[in-house]
Amino acid sequence: MHSARDIWQDIPEQVAACIDRLGSGEFYPKFFQMMKCFAQIDQYMVFEFSPNGDYATCRLAHNVERPDLGLELASLYLDGSYLDDPLLKELKESVLSDTDVAPCRLLEKRGLPPVYRKRFFNVPNFDTKFSFVVLDRKSQHLFYVNFYSKKEDAFTEIQLNSLKQASSLIGSLLLKHFRDERKQRGVIKSLLASGLSEREAQICNMILQGHTAKSICNELQLSESTVTTYKKRAFKKLKINRKSELVRFI
């Protein structure tokens, strides 16, 4: 059994790897790797809710063994089942009363309403979930974070304590990633509206993020000459001559 010291030993390096990839598609593999330091997690779910409740969406749905099941459960949850979630209202009220903390709690499937328990615990074979909420102070949107475990992977006391201690850190990483991810989607949308192809827009966006031609080649698995061709073609369409002129599309 790992001690608390063992769990935290590699965290700084894992957090640094996550920060380095905020807003990009490479964030999640690094995030999942970091979370393995804390506990065995069989499913990740993160939902976003607007202040008045007129907007709800899934920001992360990842079932480790069956990705399709994760997406299916997220869809079912947003189709009204979140109204029956016994933790959501409780944690929401808690964070609104003290926005400096990320209130968290472990939920066991016993005691849940039968239909809810069957749909979100029995069918996917989950026994418990660790949940917490974090408030985005800028937008006032609430993010509901859930980590599920099967009975054979039940969270130990040491793991639960570590997850509780790390909930604010985990929440901050996710919030920053979601903000950067949304911003990058906006930049790419602007570039696409300017007449670029998806690949041209992607490469221009990476240039804006500080990537060099070599790093773009490595990440997209393209030759340097191909990247250069896309860049020249994009700049011609945008009627610009240098990288600094790309900022107008942010």
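User: Great, where does Leu-191 sit?

Analyst: Leu-191 is in helix H7. Keep in mind as we go that this is a predicted model.

User: Is Leu-191 buried or exposed?

Analyst: Leu-191 is buried, because its relative accessible area is 0%; the cut-off for buried is under 20%.

User: And what does Leu-191 touch, if I skip residues up to four places away in sequence?

Analyst: With those left out, Leu-191 touches Leu-196, Ala-201, Cys-204, Asn-205, Leu-238 and Phe-249. For Asn-205, the separation from Leu-191 is 14 residues in sequence and 8.3 Å in space, C-alpha to C-alpha.

User: Let's go to the nonpolar cores. How many residues does the largest one have, and which have the most contacts inside it?

Analyst: The largest nonpolar core has 33 residues. Those with the most contacts inside it are Phe-31, Met-34, Met-35, Phe-38, Phe-147 and Ile-170.

User: Which elements supply at least two residues each to this core?

Analyst: They are helix H2 (11–19), helix H3 (27–35), S1, strand S4 (128–135), strand S5 (142–149) and H7. H7 gives the most, with 8 residues. As general background, nonpolar side chains tend to be buried together in soluble globular proteins.

User: What does Met-34 touch?

Analyst: Not counting residues up to four places away in sequence, Met-34 touches Ile-11, Gln-14, Val-15, Cys-18, Ile-170 and Leu-173. There is also a second, separate core of 23 residues, which includes Phe-47, Leu-142, Tyr-144 and Tyr-148.

User: OK, now the largest pocket. Which residues lie nearest its centre?

Analyst: Gly-23, Ser-24, Gln-209, His-211 and Glu-219 lie nearest the centre, out of 20 lining residues. Helix H7 (157–193), helix H8 (198–208) and helix H9 (213–220) are the elements that give two or more residues to this lining. H7 has the largest share, 5 residues.

User: How much space is in there, and how does the lining divide by class?

Analyst: The largest pocket has about 470 Å³ of space. Its lining divides into 5 nonpolar, 9 polar and 6 charged residues.

User: Switching to strands: how do S1 and S2 pair?

Analyst: S1 and strand S2 (residues 56–63) pair in the antiparallel sense over 7 bridges. Glu-48 stands opposite Thr-57 in S2. The two strands form a hairpin with 6 residues between them, and Gly-53 in the turn has a positive phi of about 80°.

User: Where is Ser-50, and what is it in contact with?

Analyst: Ser-50 is in the loop between S1 and S2. Leaving aside neighbours within four places in sequence, Ser-50 is in contact with Tyr-55 and His-141. Ser-50 counts as buried because its relative accessibility is 6%.

User: Which residues other than glycine have a positive phi?

Analyst: Examples include Gln-140, with phi near 65°, and Gln-221, with phi near 55°. For context, most residues other than glycine have a negative phi.

User: Where are those two, and are they buried or exposed?

Analyst: Gln-140 lies in the loop between S4 and S5 and is partly exposed, at 37% relative accessible area. Gln-221 is found in the loop between H9 and helix H10 (224–238) and is exposed, at 67%.

User: Last one: what about Lys-150, buried or exposed?

Analyst: Lys-150 counts as buried, at 11% relative accessibility. Lys-150 lies in the loop between S5 and H7. Not counting residues up to four places away in sequence, Lys-150 touches Asp-42, Glu-65, Pro-124, Asn-125, Phe-126 and Asp-127.

Conventions:
Residues are numbered from 1 along each chain as its sequence is written. This is a predicted model: local features need pLDDT of at least 70, side-chain atom pairs count only at pLDDT 80 or more; totals for chains, interfaces and linings use all residues. Side-chain values use heavy atoms; hydrogens and water are left out. On a 1 Å grid over the protein atoms alone, a cavity is a set of points where a 1.4 Å probe fits but cannot get out, and a pocket is an open set with protein on both sides within 12 Å along at least five of seven lines; lining residues have an atom within 4 Å of a point. Grid points are joined across faces, edges and corners, and a volume is the space filled by probe spheres set on the points. Helices (H or I, at least four residues) and strands (E, at least two) are DSSP runs, numbered from the N terminus. Ala, Val, Leu, Ile, Met, Phe, Trp, Tyr, Cys and Pro count as nonpolar, Asp, Glu, Lys and Arg as charged, and the others, Gly among them, as polar. A nonpolar core is a set of buried Ala, Val, Leu, Ile, Met, Phe, Trp, Tyr and Cys residues joined through side-chain atoms within 4.5 Å. Buried means under 20% relative accessible area, exposed over 50%, partly exposed in between (1.4 Å probe, protein chains only). Contact means heavy atoms within 4.5 Å. Two strands pair if DSSP finds at least two bridges between them.
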